[in-house]
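Here is a short report for someone meeting this structure for the first time. Please look over the sequence and the model, then read on.

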Amino acid sequence: MVATGLHLLRHGFASISPRFIVASTRSASAPPAPAPAPPAARGATPSSRFTSRRTGRGAMGAGGKGQHVIDAATQPYHPEKLERKADVPIGDFFKVDIRVGVVTSVEPYPEMRKPSYKLEVDFGPVVGKLWTSAQVTNYAKDELMGRKVVGTVNLGSKTLPKGFVSQFLVMGALNPDGTVQLLQVPEETLPGSAVA
C-alpha cells in the first residue's frame, strides 16, 4: 500500500541504506506461502502493523501523525525536513520480506479519502498474487500495468473501506510534496526476486 496502504515509509522503513543491499536467499526447507483468496472473498483481520501505535513525529517523519500527505505548499518530505531514524538491529531488517513483482491489475478505488488505485501484483511462484491499495494516481493505469514494482509481503494485511483487503506494501520514494515515485528495478529481474 502506498499511502492508504501507505508503503514502507509509513511503517518506519524509510531509511534503507544501500550498504544493506546484499544477496539473500530463502531456506530451501521453508514452506511456500499459502495462495491468497480472491479480492471478493478475502476477510483478513487487520494486523498490528497498520494500527498506529506510534507516538511523537510519526513514522513518516513529517507532520507527527504517521500519515502520508501530499502538500505542494509545505513540502513535508523535503530531504532537509526528514530526520535520520535510529539504528535497528540488522537481524530485524532481514526479517522483512521485500520482493519484486509485476502489476497484473489496476482498478480505481473511489472509496478511499485520497485518490488511490487497487493493484494486484504477481510476486512469483512462492508468494503468488497479492492485492494492495496505493496512492499512486500520478501514474496512468497503462503505465502501471506490467510494471515491475518492489513490495514488502510479510507485514500482514489490512481491511480497508468496502471490505478490500490490502496484503502488502508497495515501495516508493516520496517527492518533497509527498507524490510517490515507485521504485524501479532492472527489466531482467524475475518476479519473486528478493530485495535485501
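Where is the place of Ala140? Ala140 sits in the loop that runs between β3 (129-134) and α3 (141-144). This is a predicted model.

**The whole protein**

Start with the overall picture. The protein has three helices and ten strands. Read from the N terminus, its elements follow the order α-β-β-α-β-α-β-β-β-β-β-β-β. The protein has 196 residues, and 43% of them count as buried. Its exposed surface comes to about 10,500 Å². Carbon and sulfur atoms supply 57% of that area. Among contacts with a separation of 6 or more, 67% involve residues 24 or more positions apart.

Now turn to β2. Strand β2 covers residues 117-122. Is β2 largely enclosed or open? Five of its six residues are buried, so the rest of the structure largely encloses this strand. Strand β2 has pairing partners in β1 and β3. Strand β1 (residues 98-108) pairs with β2 in the antiparallel sense, over six bridges. The pairing of β2 with β3 is antiparallel and has six bridges.

Tyr117 takes part on both sides. Tyr117 in β2 is the bridge partner of Pro108. Tyr117 also stands opposite Ala134 in β3.

| Residue | Relative accessible area | Class |
|---|---|---|
| Gln135 | 5% | buried |
| Ala140 | 31% | partly exposed |

Why does Gln135 count as buried? Its relative accessible area is 5%, and buried means under 20%. Ala140 has a relative accessible area of 31%.

Which side chain does the side chain of Gln135 meet in a polar contact? The partner is the side chain of His68, at 2.6 Å.

Ala140 can also be placed relative to Val106. The two residues are 34 residues apart along the chain. Their C-alpha atoms are separated by 9.6 Å.

Note on methods
Residues are numbered from 1 along each chain as its sequence is written. This is a predicted model: local features need pLDDT of at least 70, side-chain atom pairs count only at pLDDT 80 or more; totals for chains, interfaces and linings use all residues. Side-chain values use heavy atoms; hydrogens and water are left out. Helices (H or I, at least four residues) and strands (E, at least two) are DSSP runs, numbered from the N terminus. Buried means under 20% relative accessible area, exposed over 50%, partly exposed in between (1.4 Å probe, protein chains only). Two strands pair if DSSP finds at least two bridges between them. Contact means heavy atoms within 4.5 Å. Accessible areas come from the Shrake-Rupley method with a 1.4 Å probe; for residues, only the protein chains shown count as cover. A polar contact is a pair of N or O atoms within 3.5 Å; within protein, one must be able to donate a hydrogen and the other to accept it, and residues adjacent in sequence count only if both atoms are side-chain atoms.
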